[in-house]
Amino acid sequence: IVPGTAGLALLGCVVMTSLQLQYWRNSLTLLEHAVQLAPKDHVAQVMLGNAYFERGRLDKALERYLESTRLRPTYAEAWQRAAVALGQKQRSAEAIEHFRTAARLAPSWTEPHRGLAQILAGQGRTEEARAEYQALARLLPADANGQMRLAEMLAEGRQWAEAAQHYQEALRLQPDLPPALSNLAWLRATCPQAEFRDGAE
């Protein structure tokens with residue numbers, strides 16, 4: 001009786017394992033299964049959205065992010081990720097509103113301000129973009145690494161003068177900071193605006 005019972009139990013384990021393995025093929029199938037089991041889990045919705053986003057499936061990603069904002073309207077990460085997806089889909093007006101919501105929900109988080117500044121700069125809304133970069137300056141530490149990170153963000157937004165200024169401030173605070181030296185050199189060598197190019201420097 002005991003061997004027979006043990007055999008049946010083992011067979012049951014094998015069957016259940018084979019059923020579960022289909023969900024563990026990759027992170028996407030696992031996350032899809034997780035959302036099926038817990039459809040009201042707002043974090044799982046964002047994680048599934050990220051898996052779709054990484055695979056270039058923007059519509060599916062956006063659907064998951066928006067579902068997360070519906071489930072938990074105060075979850076800044078969902079608004080931020082939805083804004084990024086909307087920006088990728090060239091839906092700039094909606095992206096701006098989602099970035100602003102994320103920034104309002106998480107005032108000390110730099111990423112919403114960064115995304116908002118980039119999209120505003122891309123639309124030629126220079127003064128609004130500059131205001132967002134100023135908000136970033138208040139959030140980042142005043143040490144060399146903080147100044148360098150701000151300079152990198154400003155360079156991404158084509159704010160060349162301000163980027164150079166913050167690279168120089170980073171180097172004033174830490175003269176032997178290789179990334180700041182390299183990035184400032186690259187800016188001086190390749191900047192599209194001639195007034196910020198300086199080959200000798």
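Tutor: We'll go through some helix pairs and then turn to the rings. Keep in mind that this is a predicted model.

Student: Okay, let's start with α9 and α10. At what angle do they pack, and how far apart are their axes?

Tutor: Helix α9 covers residues 144–156 and helix α10 covers residues 160–173. They pack at an angle of about 165°, and their axes are 8 Å apart. Angles over 145 degrees count as roughly antiparallel, so α9 is roughly antiparallel to α10.

Student: Is that crossing left-handed or right-handed?

Tutor: For α9 and α10, the crossing is left-handed.

Student: And which residues meet there?

Tutor: From α9, you can look for Ala144, Gln147, Met148, Leu150, Ala151, Glu152, Leu154 and Ala155. Their partners in α10 are Trp160, Glu162, Ala163, His166, Tyr167, Glu169, Ala170 and Leu173. Sort that contact of α9 with α10 by class and you get 11 nonpolar, two polar and three charged residues.

Student: Now α7 and α9. How do I read their angle?

Tutor: Here α7, residues 110–122, packs with α9 at an angle of about 30°, with the axes 9 Å apart. The cut-off for roughly parallel is under 35 degrees, so α7 counts as roughly parallel to α9. The crossing of this pair is right-handed.

Student: What does the contact of α7 with α9 look like by class?

Tutor: On the α7 side there are Thr110, Glu111, Arg114 and Gln118, and they meet Arg149, Met153 and Glu156 of α9. That contact of α7 with α9 has one nonpolar, two polar and four charged residues.

Student: Let me look at α4 and α5. Which way do they run relative to each other, parallel or antiparallel?

Tutor: Start with the angle: α4 (residues 58–71) and α5 (residues 76–88) pack at about 150°, and their axes are 9 Å apart. That makes α4 roughly antiparallel to α5. Their crossing is left-handed. Residues of α4 in the contact include Leu58, Leu62 and Tyr65, while those of α5 include Trp79, Arg81 and Leu86. The classes for α4 with α5 are nine nonpolar, three polar and one charged.

Student: What about rings? How many aromatic pairs are there?

Tutor: In general, a pair of aromatic rings is described by the distance of the centres and the angle of the planes. To count as a pair, the ring centres must lie within 6.5 Å. By this rule, the count here is zero.

Key
Residues numbered from 1 in each chain as written. Predicted model: local features only at pLDDT ≥ 70, side-chain atom pairs only at ≥ 80, totals over all residues. Heavy atoms only, no water. Phe/Tyr/Trp six-rings, centres within 6.5 Å; stacked < 30°, edge-to-face > 60°. Axes fitted to C-alpha atoms, helices over the stretch in contact; angles between N-to-C directions. Helix = DSSP H or I, 4+ residues; strand = E, 2+ residues; numbered from the N terminus. Parallel < 35°, antiparallel > 145°, perpendicular 65-115°, else oblique. Left-handed = near helix turned anticlockwise from the far one by under 90°. Contact = heavy atoms within 4.5 Å. Nonpolar A, V, L, I, M, F, W, Y, C, P; charged D, E, K, R; others polar.
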